[in-house]
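Work through the exercises below with the sequence and the model side by side, and try each task before you read its solution.

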Amino acid sequence: MSEVVAMAGQAYMKQLQAHPLRTKAITSGVLAGCSDAVAQKISGVSKLQLRRLLLIALYGFAYAGPFGHFLHKLMDRFFKGKKGKETTAKKVLVEQLTASPWNNMMLMMYFGLVVEGRPFGQVKNKVKKDYASVQLTAWRFWPIVSWINYEYMPLQLRVLFHSFVASCWAVFLNLKAARSIANTKKA
């Protein structure tokens, strides 16, 4: 079994070297889809909402993976040759003040408009109502992930690490939302 895992890891790294953008996009899409399937099952749905799962996988493939690929290349170029804890802190700060707010806005808009199929006005109102809370919650968690990513992950594995943590985060958020809905129904 460990030989199979090692071979799969080598094959993945070979693809990452040969086709970095494509590999990161596919990885992000697969992880996003898997996290949605897990979240749906844990939340108690009797039958997977395949349309939703595929749309979330599409978001990972078409947006999150490529965005992460170019973000980390840009950060590496911007901080070229600089190392150490101070540089890591600056990278985390730049990411959290630029990419984090943008990504949360994009995800909220995509989820409302595309996944849920709501009209723009409803989505806009929901974003107005919930965005600050979402962003503040993100700032409690993601800087730690970013620190680990910049401090310990090689450039080519940063999108994979981020996508994996994002998958776990998505399951957590889905569970939190499901509990909130359940508590509202009880009241």
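**Exercise 1: An aromatic pair**

Tyrosine 59 and tyrosine 110 are both buried, where buried means under 20% relative accessible area, exposed over 50% and partly exposed in between, with a 1.4 Å probe and protein chains only. The model is a predicted one, in which local features need pLDDT of at least 70 and side-chain atom pairs count only at pLDDT 80 or more, while totals for chains, interfaces and linings use all residues. Residues are numbered from 1 along each chain as its sequence is written, and side-chain values use heavy atoms, with hydrogens and water left out.

Task: describe how the rings of tyrosine 59 and tyrosine 110 are placed.

Solution. Begin with the rule that rings of Phe, Tyr and Trp (its six-membered ring) pair if their centres lie within 6.5 Å, and that planes under 30 degrees apart count as stacked, over 60 as edge-to-face and the rest as tilted. Here the centres lie 4.9 Å apart and the planes stand at 40°, so the pair is tilted. Next, place the residues: tyrosine 59 lies in helix 3 (residues 50-78) and tyrosine 110 in helix 5 (residues 99-115), so the pair ties together parts that are 51 residues apart in sequence; helices here are DSSP runs (H or I, at least four residues), numbered from the N terminus. Finally, Tyr59 and Tyr110 form one aromatic cluster together with Tyr63 and Phe67.

**Exercise 2: A second pair**

Task: classify the pair of phenylalanine 141 and tryptophan 142.

Solution. The ring centres are 5.1 Å apart and the planes at 85°, so this pair is edge-to-face. Phenylalanine 141 is partly exposed, with a relative accessible area of 27%, whereas tryptophan 142, at 9%, counts as buried.

Methods
Helix = DSSP H or I, 4+ residues; strand = E, 2+ residues; numbered from the N terminus.
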